[in-house]
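Trainee: Could we go through this one together? I would like to start with a strand and then move on to a single side chain.
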Amino acid sequence: MARHLRFTGTDSKNGSCPALHEDAASGEIIVQGTPLTDPEDLAQLQHFGPGDAAVVVPRELLVNHGPKETERARKVISLEEFGQLFHTFEHSAWHLETRGGYASDREDLGFNEFVKTGRAPMDLGSEWCTNIRRQTDNGKYVGRVRVVDDPPTQGQLFLLDYAQTNAATGEDVRNTWRVDAVRARLGDEDFWVFDSRLVVILHFDDADVLGDLEIITEPAAVLRYCQIRDAAVHASTPYDAFAAQLRQH
């Protein structure tokens with residue numbers, strides 16, 4: 001089975017090597033760089049076996065993008081702490097939604113109405129909408145990219161219609177097909193980025209129920225999620241244009 005590799009970082013100015021990747025399952029680091037091939041150089045390496053390969057990378061690559069500890073300690077925050085971030089962020093909050101559906105949506109009365117009528121109700125007076133409208137009216141940016149399967153799940157269709165409510169609060173709501181998300185290497189983590197300085201990863205179980213909320217503040221790790229955010233926006237389409245595209249699909 002192929003490894004599940006996550007891009008960690010690069011100091012390259014043109015998108016070429018060197019770069020670091022991390023095996024999401026084992027935590028092993030994959031170093032990508034210029035091969036060391038000179039026999040005299042190879043002869044100086046200790047513990048170098050016949051099946052080994054050596055690459056040359058700048059020291060800065062490892063300092064800037066390599067792990068700072070053997071195993072990163074997970075820090076989990078409460079649902080209340082997570083909710084408070086939407087009131088205290090300074091300039092931006094952005095979400096990548098990667099799942100086929102969310103248990104919290106299916107438990108909402110609006111979802112039942114969507115199943116019956118094909119339209120998601122718009123409740124701009126909810127606590128969520130009121131706060132997001134307040135934030136965007138103050139010049140802050142709130143956005144999200146939703147990954148959509150082909151064909152879309154019922155949960156994804158619900159969120160695509162509900163995007164009208166998101167947009168009415170000032171959110172920048174976009175969608176991308178799953179195949180395009182894979183091509184852009186967005187990964188399958190569901191997360192929020194706040195002010196480009198902290199990340200909250202939303203962990204779900206197989207029933208789409210939200211579990212742990214893991215917060216990350218390590219700059220190198222946050223940078224990786226910011227890069228995913230930028231790639232996701234580039235690979236996505238505004239929700240209304242995506243909906244029109246879906247009707248013709």
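Mentor: Let us start with strand E10, residues 190-194, which is mostly covered in this predicted model, since five of its five residues are buried.

Trainee: Which residues sit on each side of E10?

Mentor: Asp190, Trp192 and Phe194 lie on one side, while Phe191 and Val193 lie on the other, and with all of these residues buried, both faces of E10 are covered.

Trainee: How many bridges does E10 make with E7, and in which sense do they pair?

Mentor: Strand E7, which spans residues 92-97, pairs with E10 in the antiparallel sense through four bridges, and within that pairing Phe191 of E10 is the bridge partner of Leu96.

Trainee: And how many bridges join E10 to E11?

Mentor: Five bridges join E10 to strand E11, residues 198-204, and these two strands run antiparallel, with Phe194 standing opposite Leu198 of E11.

Trainee: What about the hairpin of E10 and E11, how many residues lie between the strands?

Mentor: There are three residues between the strands of that hairpin, and Asp195 takes a positive phi near 55° there.

Trainee: Switching topic, where does Asp161 lie?

Mentor: Asp161 lies in helix H7, which covers residues 154-168.

Trainee: Is Asp161 buried or exposed?

Mentor: Asp161 has a relative accessible area of 15%, and because buried means under 20%, Asp161 counts as buried.

Trainee: Which backbone nitrogen does its side chain reach?

Mentor: The side chain of Asp161 reaches the backbone nitrogen of Ala120 at 2.6 Å, and, leaving aside neighbours within four places in sequence, Asp161 is in contact with Phe114, Gly118, Arg119 and Ala120.

Technical notes:
Residues are numbered from 1 along each chain as its sequence is written. This is a predicted model: local features need pLDDT of at least 70, side-chain atom pairs count only at pLDDT 80 or more; totals for chains, interfaces and linings use all residues. Side-chain values use heavy atoms; hydrogens and water are left out. Buried means under 20% relative accessible area, exposed over 50%, partly exposed in between (1.4 Å probe, protein chains only). A polar contact is a pair of N or O atoms within 3.5 Å; within protein, one must be able to donate a hydrogen and the other to accept it, and residues adjacent in sequence count only if both atoms are side-chain atoms. Contact means heavy atoms within 4.5 Å. Two strands pair if DSSP finds at least two bridges between them.
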